Amino acid sequence: IRPHTFRSFRLAAMAPQVLIVGAGVTGSMLALLAKDMGLSVRVLEKSRGAGGRMATHAFRRGERSSPILAHADLGAQYVTTRSSPDHPFLGPLYKRLTDAGVLIPFTGEVAGANPYGGAGPEIRHFAAPKGMRSIAEYFLQSSSVPVDWGVAVEDLALEATQIAVSAKELPEEANSPSVVVLTQPVQQILGASKFGLRGSFLKDTDEKVMTGLKQVEYSSRFAVAYFFDKSKVSWPFSWTVKYFDKGDVRYVAHDTARRGGATDEPLMAVLVHSGVPLGIKLSDEEDPFPTAAAKMQTELEEKLPELPWATAEGSKVHKWKYSQVYIGYGGQKPSPSWVWPMTETGSPQSGCVELFRGAGGLGLLCGDAVAPASNFEGCVYSAFKAAEVQ
């Protein structure tokens, strides 16, 4: 790993302070890479846990101090790769994650037409026994970088000698970084969302870059996790995962089995995703999303009456306003069948975009919005590109 991106911003007596905003896959992977480069790294995350759109819900009865009865992955369901085990970057990464038990091969039956191109002998699927967020948690733990939870960045400004960061309860150590890497959805960076930045730095962003950012669009959808008592309800189907091509319900998974069984959890989790049209139609509905929940449950009772949906021990509804990238930076459409080349020839695909550069510091945008694919490997690729791995 050669820190070309950060080299011109090295301080005379110490490595620059790299501030990464977001503890999803891109941010946590980059934290590990940058720390290995010998840089001083800190991560800010607005939520209470890692993972980003690889979120894992812990179901309890009562307060947060109550025991966890089951987990359910509300976002990404499994990691799919078409890469060779001999890939110079992905090969060692998957080996490391499987050796650590973070990932396990997923071999369950997948029914229905997978819209993401999941068929073919070259395809390998991996699941995370402790939930998909454990991937980002593993990267952060391996890097040993400090992470400040519950800190939402409100503004960035490129000043003459520093980058000024504004946030409630901002640690002093994160106050004047030399490099800032943003990994959140583009609409938040442009200030067009609930957790948007005020965007003082945007006046220093190239006009072509701004045009490319404004072209980014995301799909929206709902996720519902149902929890059943294993002593009362058993899974009645041969498949673990099923895709549907019609209706509001487009995906159903035996989430507990998909993660390897989770024998220590007394409840069985079943995960349901809606289609994008429902996410668009009910885009303004607020938590707890009663209309979306009712529509999906009604359809589940028609499509899969074998399960007692109405008498589940509990459920969790989540709205993914920024589910997957539909149109990427510069109007490029992410490819679900993209494969990270073994060796890059010609001009490499972006993976990372420069937001601003000056004597005060460098600002980068990373994540699947600027990557060739809106999936795990696209996020990893973006992190590698930010670190300029060669």
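1. The model is predicted: local features need pLDDT of at least 70, side-chain atom pairs count only at pLDDT 80 or more, and totals for chains, interfaces and linings use all residues. Residues are numbered from 1 along each chain as its sequence is written, and side-chain values use heavy atoms, with hydrogens and water left out.

2. The protein chain holds ten helices and 21 strands. Along the principal axes, the C-alpha atoms fill a box of roughly 65 × 45 × 40 Å.

3. Of the 390 residues, 55% count as buried (under 20% relative accessible area, with exposed over 50% and partly exposed in between; 1.4 Å probe, protein chains only). The accessible surface of the protein chain is about 17300 Å², and carbon and sulfur atoms account for 50% of that (Shrake-Rupley method, 1.4 Å probe; for residues, only the protein chains shown count as cover).

4. Among contacts between residues at least 6 apart in sequence, 73% join residues at least 24 apart; a contact means heavy atoms within 4.5 Å.

5. A search of the whole structure gives 21 aromatic pairs. Rings of Phe, Tyr and Trp (its six-membered ring) pair if their centres lie within 6.5 Å; planes under 30 degrees apart count as stacked, over 60 as edge-to-face and the rest as tilted. Phe-89 and Phe-384 make a tilted pair, at 5.3 Å centre to centre and 35° between the planes. Phe-89 sits in the loop between β5 (79–81) and α3 (90–99), and Phe-384 in helix α10 (residues 376–387), 295 residues apart. Phe-89 is partly exposed at 25% relative accessible area, whereas Phe-384 is buried at 10%.

6. Trp-338 and Tyr-381 have ring centres 5.2 Å apart and planes at 80°, so this pair is edge-to-face. Trp-338 lies in the loop between β19 (325–327) and β20 (352–358) and Tyr-381 in helix α10, so the pair ties together parts 43 residues apart in sequence. Both Trp-338 and Tyr-381 are buried.

7. Phe-89, Trp-338, Tyr-381 and Phe-384 belong, together with Trp-340, to one aromatic cluster.

Key: Helix = DSSP H or I, 4+ residues; strand = E, 2+ residues; numbered from the N terminus.
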